[in-house]
Amino acid sequence: MSAAIAKRRAATPADLKARAKRARAQGAGSAATDRARRMLAAYLDTAERHGLPPAKVLSDMASGRAAWQIGTALRDEMLRTPPEAVKNAACAAGCAFCCILSGGDGGTITETEARRLHDALAPLAGQPDGRGWHPAACAALDPETRACRAYDARPMICRSFLSTDAGACRINSEGGEAKGAGLLGTHLDYLALHALARETLKGISRVATYSMSRIASGAVDGETAGDSLDAARHKPGALEDACRDAARAAVGRG
Ligand code: SF4
Ligand code: SF4
């Protein structure tokens, strides 16, 4: 039996909690790491109390399902008393400059997000997609209405991005650096949770991240989920960079 398999079998929520205490969310900064550590500890406490099978806890942390559950609850709670940036958001249906992914990567997403996005888009393979509107647009976009065709499966980064000025978004989509757009502060917490899960599971289980735009284009180009995930898998370091970017781009915390 390999050392990783032996560790995986032995890893109870209590063991993972002890590991999480020592782990750091690389790139997220100490305040976000501390918040993520507290949230992960609470998640593991709940898992222990409810007797969730350790293998399920481990797989949920590795795939990003755990971060998704916690991050969604955090975002929903924040939106109940929205910060000014949310109240003043200019976002509207068909306004899609933020879906022009000029950097090519489109955002750092977890395996759970990648699989959901691929599943939602695969049935649309071969249909006209966002790249017909703009060559750098996300392939999930409808080129006519400029609505997201994977709205319910869109990753957290799409749910967290907002702007008080659509004109600024247009400028930024052309390579400018206009102010007004940013990511909800809860997005950093979401990424920090996943980064902490990665450090906690080091030597036990792989925690990968993926390029959102590559998953979307692979799905509409008819690739299998396995091939898209293989092609979209990030090199180590992308999650750390994404945490740094989220810290820089944070707007409003509830
Ligand atoms: S983030 Fe910008 S481009 Fe996207 S919907 Fe909001 S205002 Fe429009
Ligand atoms: S998944 Fe949807 S919301 Fe996100 S970038 Fe693509 S089209 Fe836009």
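Me: Which residues of H11 and H12 meet each other?

Reply: In H11, Arg214, Ile215, Gly218 and Ala219 meet Ser228, Leu229, Ala231 and Ala232 of H12, where contact means heavy atoms within 4.5 Å. Sorted by class, the contact of H11 with H12 has five nonpolar, two polar and one charged residues. Nonpolar covers Ala, Val, Leu, Ile, Met, Phe, Trp, Tyr, Cys and Pro, charged covers Asp, Glu, Lys and Arg, and the others, Gly among them, are polar. One thing to keep in mind: this is a predicted model, in which local features need pLDDT of at least 70 and side-chain atom pairs count only at pLDDT 80 or more, while totals for chains, interfaces and linings use all residues. Residues are numbered from 1 along each chain as its sequence is written, chains are lettered from A and ligands numbered from 1 in the order in which they are written, and side-chain values use heavy atoms, with hydrogens and water left out.

Me: Why is H11 called roughly antiparallel to H12?

Reply: Helix H11 (residues 212-220) and helix H12 (residues 225-232) pack at an angle of about 150°, with axes 9 Å apart. H11 is therefore roughly antiparallel to H12, since angles over 145 degrees get that name, while those under 35 count as roughly parallel, 65 to 115 as roughly perpendicular and the rest as oblique. The axes are lines fitted to C-alpha atoms over the stretch in contact, and angles run from 0 to 180 degrees between N-to-C directions.

Me: What makes H7 roughly parallel to H11?

Reply: The axes of helix H7 (residues 111-121) and H11 cross at roughly 30° and come within 8 Å. That angle falls under the parallel limit, so H7 is roughly parallel to H11. Their crossing is right-handed. Ala114, Leu117, His118 and Leu121 of H7 touch Met212, Ile215, Ala216, Ala219 and Val220 of H11. The residues of this contact divide into eight nonpolar, one polar and no charged.

Me: How do you know whether Thr108 is buried or exposed?

Reply: Its relative accessible area is 11%, so Thr108 is buried; buried means under 20%, exposed over 50%, and partly exposed in between (1.4 Å probe, protein chains only). Thr108 lies in strand S1 (residues 108-109). Leaving aside residues up to four places away in sequence, Thr108 touches residues including Glu113, Leu191, Tyr210 and His234.

Me: Why is Arg146 called partly exposed?

Reply: Arg146 has 30% relative accessibility and therefore counts as partly exposed. Arg146 sits in the loop between H7 and helix H8 (156-160). Although Arg146 is not a glycine, its phi is positive, about 60°.

Me: Which residues surround ligand 1?

Reply: Ligand 1 is surrounded by Cys91, Cys95, Phe97, Cys98, Phe161, Leu162, Ser163, Ala166 and Cys169. Strand S2 (161-163) and helix H9 (166-173) are the elements that give two or more residues to this shell, and S2 supplies the largest share, three residues. A residue belongs here if one of its heavy atoms lies within 4 Å of the ligand. By class, the shell has eight nonpolar, one polar and no charged residues.

Me: And what classes make up the shell around ligand 2?

Reply: That shell has seven nonpolar, no polar and no charged residues. Its members are Cys99, Cys138, Ala140, Leu141, Cys148, Cys158 and Met212.

Definitions and conventions
Helix = DSSP H or I, 4+ residues; strand = E, 2+ residues; numbered from the N terminus. Left-handed = near helix turned anticlockwise from the far one by under 90°.
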